[in-house]
Amino acid sequence: MTISNEKPFLAGNWKMHKTIPEAVEMVKALKEESPQLTDAELVVIPPYTMLSEVKKVIEGSTIQLGAQNIFWEEKGAFTGEVSPPMLKDAGCQYVTIGHSERRQYFGETNETVNKKIKAALAHELTPIMCIGESLEEREKGNTMDKVGTQINSGLEGLGKDEIRRIVIAYEPIWAIGTGVTATPPQAEEVHSFIRKKLTEKYGNEIASYAIILYGGSVKPANTYSILKENNINGALVGGASLEADSFIQITKEAIKAYKEKK
Ligand code: PGA
């Protein structure tokens, strides 16, 4: 699937939350509102256990499904892992790769991120590659170095046709789940750096269509000002995506901001 950023892109990362009945209730409410939200791309990213039940509910709507992680092998003796064909089978189109919580608690590195991105692409899944700096790295002035390295290593060995099929999410670690959001200019500075880097590496056409999301304490009240920035094409939303109401509100704010800047 080739990427285009004509519409704002909103992905709800549920992390390790919800039972199957709670998930079904949430996506039913979202589906009901979805005919009013067709000016946005909407993706829900539940835990593995509820993927196929959620898929059944969203069938026939514009809402798409993503998973939170993937392993790079197709099958075999890898206890506890889930493969790209299994995610396709469950109805996923997207998969987040290299979320900072995976890097921090589960030993993900730029190398494993790169392997996972290649495996996802090989199976027609769209990776959402997560990158971002810690507070310490920001305070030392190392934000662009960190993000630049994550891009270079995460995308290593990929050709232009593959880069066209990747979503990037910039999530400063200090803003995730903390209630502290990057200010719109702070986020825009990194987003424009990312787009410039994509231009240098892959040319202007790919860079200008690339979807670059912001993530980290996105809420209905701050979505508009963040999405108004030139290089911000959407949001990867954690906590505020768990309830249908706030995710719908965020989507409406994103649509409004996007229309005004076009
Ligand atoms: P948050 O999480 O919106 O709860 O800060 C964002 C994320 O981790 O993707």
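Where does arginine 165 lie? In this predicted model, arginine 165 is found in the loop between α8 (160–163) and β6 (167–170).

**Largest pocket**

- The volume of the largest pocket is about 430 Å³.
- Its lining consists of 13 residues, which divide into five nonpolar, five polar and three charged.
- Nearest the centre of the largest pocket lie Lys15, Met16, Gln68, Arg102 and Phe106.
- Helix α4 (residues 100–105) supplies three residues, the largest share of the lining of the largest pocket.

**Second largest pocket**

- The second largest pocket has a volume of about 200 Å³.
- A total of 17 residues line the second largest pocket, and Gly177, Gly216, Ser217, Gly238 and Gly239 are the closest to its centre.
- Sorted by class, the lining of the second largest pocket holds nine polar, five nonpolar and three charged residues.

**Arginine 165**

- Arginine 165 is buried but forms no salt bridge.
- A polar atom of the arginine 165 side chain lies 2.6 Å from the backbone oxygen of leucine 121.

Technical notes:
Residues are numbered from 1 along each chain as its sequence is written. This is a predicted model: local features need pLDDT of at least 70, side-chain atom pairs count only at pLDDT 80 or more; totals for chains, interfaces and linings use all residues. Side-chain values use heavy atoms; hydrogens and water are left out. On a 1 Å grid over the protein atoms alone, a cavity is a set of points where a 1.4 Å probe fits but cannot get out, and a pocket is an open set with protein on both sides within 12 Å along at least five of seven lines; lining residues have an atom within 4 Å of a point. Grid points are joined across faces, edges and corners, and a volume is the space filled by probe spheres set on the points. Helices (H or I, at least four residues) and strands (E, at least two) are DSSP runs, numbered from the N terminus. Ala, Val, Leu, Ile, Met, Phe, Trp, Tyr, Cys and Pro count as nonpolar, Asp, Glu, Lys and Arg as charged, and the others, Gly among them, as polar. Buried means under 20% relative accessible area, exposed over 50%, partly exposed in between (1.4 Å probe, protein chains only). Lys and Arg count as positive and Asp and Glu as negative; His and the chain ends are not counted. A salt bridge is a side-chain nitrogen of Lys or Arg within 4 Å of a carboxyl oxygen of Asp or Glu. A polar contact is a pair of N or O atoms within 3.5 Å; within protein, one must be able to donate a hydrogen and the other to accept it, and residues adjacent in sequence count only if both atoms are side-chain atoms.
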